[in-house]
Number of protein chains: 2
Amino acid sequence: MSILSAAVDVLRCFSSTRHDVTVTDLVSLLGMPKSNASRLLRAMRDEGLLETVGDSKRYRPSLLLNQVGHIYRFAASLIDRADSVIGRISDEVGHTGYISVRRGTDIVGVTAHPGRHALRVVTSIGDRIAAFASSTGRALLARLPEDEVRRLYAGGFVPPSDTAPQDLDELLARLAVTRREGYAESHDEAVRGVRAISVSVGDPTTGDEVALCISFPAATVTPEERLAIIRSLGEGAAEIAALTRDPLFIPLHPSIAETAP
Amino acid sequence: MSILSAAVDVLRCFSSTRHDVTVTDLVSLLGMPKSNASRLLRAMRDEGLLETVGDSKRYRPSLLLNQVGHIYRFAASLIDRADSVIGRISDEVGHTGYISVRRGTDIVGVTAHPGRHALRVVTSIGDRIAAFASSTGRALLARLPEDEVRRLYAGGFVPPSDTAPQDLDELLARLAVTRREGYAESHDEAVRGVRAISVSVGDPTTGDEVALCISFPAATVTPEERLAIIRSLGEGAAEIAALTRDPLFIPLHPSIAETAP
DNA sequence: AAAAAAGTTCCATAAAATGGAACTTGAGTT
DNA sequence: AACTCAAGTTCCATTTTATGGAACTTTTTT
């Protein structure tokens, strides 16, 4: 086993709730001998992957990683485009917008735009949530053929709330609705009182796929506002799909898309 | 030489003009044997540091690096970052550097780095000085809209010296200059014979704002040295602003920022 | 001041990286 | 369809690096 994989294991220890690590953290998180943990952290710092916090024994990701991570957005230009679209929509409607990607059955937030409203949904970049139980996840899963979704969830799943799909059949039914309507919606699934609307779009040249999502407190949004959000998302995604020539793009159903007076 | 350092060399190949790399790129950029380049890129992808673009032979940074890089922003608090920047600059120029925050119409020093020169400005951490009559204060006030400054100073103020702003209008005029030039300057205000140059930067996620200041005896600094200080401060603050995505950041005016021959 | 926890260094052994050359793949050309 | 050249991959013996247990040092807590 290469030291590279140990180094990556260290990087995976970082999360929105763990901004830095110590030798002991590695020992307990990765079951690594103390000697290795000590040398590995030092080596990673010497190479510039990590930096020490002040002159303590705590290690955090380095500026280099910050810079390289930033390049991901441009390398995956789909993300960049989606981000600017969701940023504009978030500004318009005042609610939190974010874009996410799917990794297997998980969804990972990539960029976020906090809303303007006093009551706003806060998302944490980098956290993983279950794909089947979120609007972003279902927007992305709707791009897959049904048998591939069945294969992904061959092991079944545990619904986190009453409003999430309770079994595979319900998930497939809701994906069918998403394919017909052109958007996915969630309510009280990951977070109580929070509603979210998502659409998805892909780039066939790179194989990337992203979800664009607007998330808002269920109580404060009128039916008209909700419709406006759906239309903005649909239009934004359609613009991107036109650019990338996305063959899997699911447009809004004409009855929803038609322009308001 | 560990494979770790080779992997970091690969990461350093990425830049705003190079979003992905190939085996050949590494051969020419790093002078690495083809065999190593090929295995290294594959290993880095297998471990999750890189991902292939579509199914081409091009490699780009991975989502993992994007996530970890993102954590840097939270791991290094604004004050921490500003302190390390001002420490470096203070070392470079030999003069006293400090960082401060604003509380209403007062400025409070948070950390200080004493200079190396025999004649040095001494600051005391925790002391409060008037914001309107200091370069740090004006650097921070320049981030506010004009009417908010008017509201802060609705009760008027008493100038401590001839070179400090004498009334609200003069203060506003000097803030306008700071907004245009990207830095604030004071001379003989709080202490006679002392000149100070400040820039400011904020972190929108925490709402923190700090001023970075270099303070020196007016008599001992040449115009060239003064310009170098302004540029160092401007560059340091710009780095921090890029990290925090500070929307209020005031960059140096291009005519000042431009690199000396 | 003692005790406990955290971190570092040392060592022989086990494992992985190296670079040259041969081999395979793929894109463009005749 | 066969050819050509560039790009990428695999193989191998040798050299270099990583490993984990234990002893040691430093830091923190009681």
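How many nonpolar, polar and charged residues does the surface near DNA strand C have? In this predicted model, that surface has seven nonpolar, seven polar and four charged residues. In total, 18 residues surround DNA strand C, and the closest are Ser2(A), Thr24(A), Ser35(A), Ser38(A) and Ser35(B).

The surface near DNA strand C draws on helices of each chain. From chain A come helix 2 (23-30) and helix 3 (34-47), and from chain B come helix 1 (3-13) and helix 3 (34-47), each with at least two residues. The most is given by helix 3 of chain A, which supplies four residues.

Helix 3 of chain A also has a place in the contact between the two chains. That contact takes 36 residues from chain A and 33 residues from chain B. On the side of chain A that touches chain B, at least two residues each are supplied by helix 1 (3-13), helix 3, strand 2 (59-61), helix 4 (63-75) and strand 4 (106-113) of chain A. Helix 4 of chain A gives the most to this side, with 11 residues. Sorted by class, the residues on this side of chain A are 22 nonpolar, 11 polar and three charged.

One helix pair across the two chains can be followed in detail. Two packed helices are described by the angle between their axes and the distance between the axes. For helix 3 of chain A and helix 1 of chain B, the axes come within 10 Å and cross at roughly 35°. The crossing of helix 3 of chain A with helix 1 of chain B is right-handed. Here Ala43(A), Met44(A) and Glu47(A) of helix 3 of chain A meet Leu4(B), Ser5(B) and Val8(B) of helix 1 of chain B. This contact has four nonpolar residues, one polar and one charged.

The largest nonpolar core has 90 residues, of which Ala82(A), Leu212(A) and Leu233(A) touch the most other members. Helix 5 (residues 77-93) of chain A gives the most to this core, with seven residues. Around Leu233(A), and leaving aside neighbours within four places in sequence, the contacts are Ile89(A), Tyr183(A), Ile197(A), Val199(A), Leu212(A) and Ile214(A).

Technical notes. Residues are numbered from 1 along each chain as its sequence is written. Chains are lettered from A and ligands numbered from 1 in the order in which they are written. This is a predicted model: local features need pLDDT of at least 70, side-chain atom pairs count only at pLDDT 80 or more; totals for chains, interfaces and linings use all residues. A residue is near a molecule or strand if its C-beta atom, placed from the backbone, lies within 6 Å of it. Ala, Val, Leu, Ile, Met, Phe, Trp, Tyr, Cys and Pro count as nonpolar, Asp, Glu, Lys and Arg as charged, and the others, Gly among them, as polar. Two residues are in contact if their C-beta atoms, placed from the backbone, lie within 7 Å. Axes are lines fitted to C-alpha atoms, for helices over the stretch in contact, and angles run from 0 to 180 degrees between N-to-C directions. A crossing is left-handed if the near helix is turned anticlockwise from the far one by less than a right angle, and right-handed if clockwise. A nonpolar core is a set of buried Ala, Val, Leu, Ile, Met, Phe, Trp, Tyr and Cys residues joined through C-beta atoms within 7 Å. A residue is buried if 20 or more other C-beta atoms lie within 10 Å of its own, exposed if 12 or fewer, and partly exposed in between; C-beta atoms are placed from the backbone.
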